[in-house]
Amino acid sequence: AAVAKALATLSTLPIAVETKSGQADHRVFLLPNKCSGKVRETTFGGSGLGYSVWEAGIALSIHLASNPSLVHNKVVMELGSGVGLVGVACGLLGAEEVVLTDFGAVDDGSNQAWFAEEVVGQEGFQKRGVEGANSVVEERWQPTALQSNLAYNIELNELGGTCARLRLDWHASLAPDFRAAREFPV
């Protein structure tokens with residue numbers, strides 16, 4: 001009872017409390033306003049720089065959980081999601097839709113580089129893809145676990161109806177044949 005009371009008090013402060021998970025590669029963050037997000041980390045070899053939670057992601061998650069009106073009932077795009085803690089926090093805080101973006105090969109079983117998008121719509125998720133589009137970096141240089149881990153972390157937090165992942169190759173915008181897959185209001 002004392003621990004529960006202490007955690008309840010901590011959840012009102014602008015801090016994050018990390019609790020232990022039953023799995024070594026999973027992290028659980030108790031954020032302000034009783035927002036609790038879980039993420040699985042991968043390896044640098046599989047996900048590049050997006051393999052783990054960055055301190056800036058924790059800080060932004062704390063800020064958003066302390067000010068939920070910033071994302072509540074809004075469409076949110078997280079750029080460079082990595083493991084997706086910020087996007088997960090937005091989904092848990094009541095965003096209407098959250099698109100978590102990052103680089104990397106999309107694992108659809110074909111072993112090809114795809115620009116794939118999962119879109120939240122009235123009929124639920126739809127997949128759209130354009131083979132080879134919006135990709136200028138050779139597949140061998142694309143992280144192999146980043147996109148699948150984003151999808152995993154969305155499901156880990158039961159946010160499949162709110163959050164989607166979008167492969168975003170920052171290099172592609174420099175290509176002369178670049179085509180935007182989707183536009184977001186700013």
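Start with helix 4, residues 85–92. Helices here are DSSP runs of H or I with at least four residues, strands are E runs of at least two, and both are numbered from the N terminus. Helix 4 is mostly covered, with seven of its eight residues buried. Buried means under 20% relative accessible area, exposed over 50%, and partly exposed in between, using a 1.4 Å probe and protein chains only. Select Leu85, Val86, Gly87, Val88, Ala89, Cys90 and Gly91 to see the buried set.

A note on the model: it is predicted, local features need pLDDT of at least 70, side-chain atom pairs count only at pLDDT 80 or more, and totals for chains, interfaces and linings use all residues. Residues are numbered from 1 along each chain as its sequence is written, and side-chain values use heavy atoms, with hydrogens and water left out.

Next, step off the end of helix 4. Glycine 94 follows the helix and has a positive phi, near 95°. Now pick leucine 93, in the loop between helix 4 and strand 5 (97–102). Leucine 93 is buried, at 9% relative accessible area. Show its contacts, meaning heavy atoms within 4.5 Å. Beyond neighbours within four places in sequence, leucine 93 touches Cys35, Leu64, Ala65, Pro68, Val71 and His72. Draw a distance to leucine 64: the two C-alpha atoms are 8.2 Å apart, across 29 residues of chain.

Three strands make an open sheet in the order 1-2-3, with antiparallel pairing. Two strands pair if DSSP finds at least two bridges between them. At the edges, each pairing on one side only, are strand 1 (17–19) and strand 3 (35–40). Neighbouring strands are turned by 25° against each other on average, direction ignored. Axes are lines fitted to C-alpha atoms, for helices over the stretch in contact, and angles run from 0 to 180 degrees between N-to-C directions.

Select strand 2 (residues 26–31), which pairs with strand 3 over six antiparallel bridges. Histidine 26 has arginine 40 of strand 3 as its bridge partner.

Bring helix 4 back into view. Helix 4 packs on the sheet, touching strands 2 and 3, and its direction makes about 145° with that of strand 3.

Last stop: phenylalanine 44, in helix 2 (residues 44–47).
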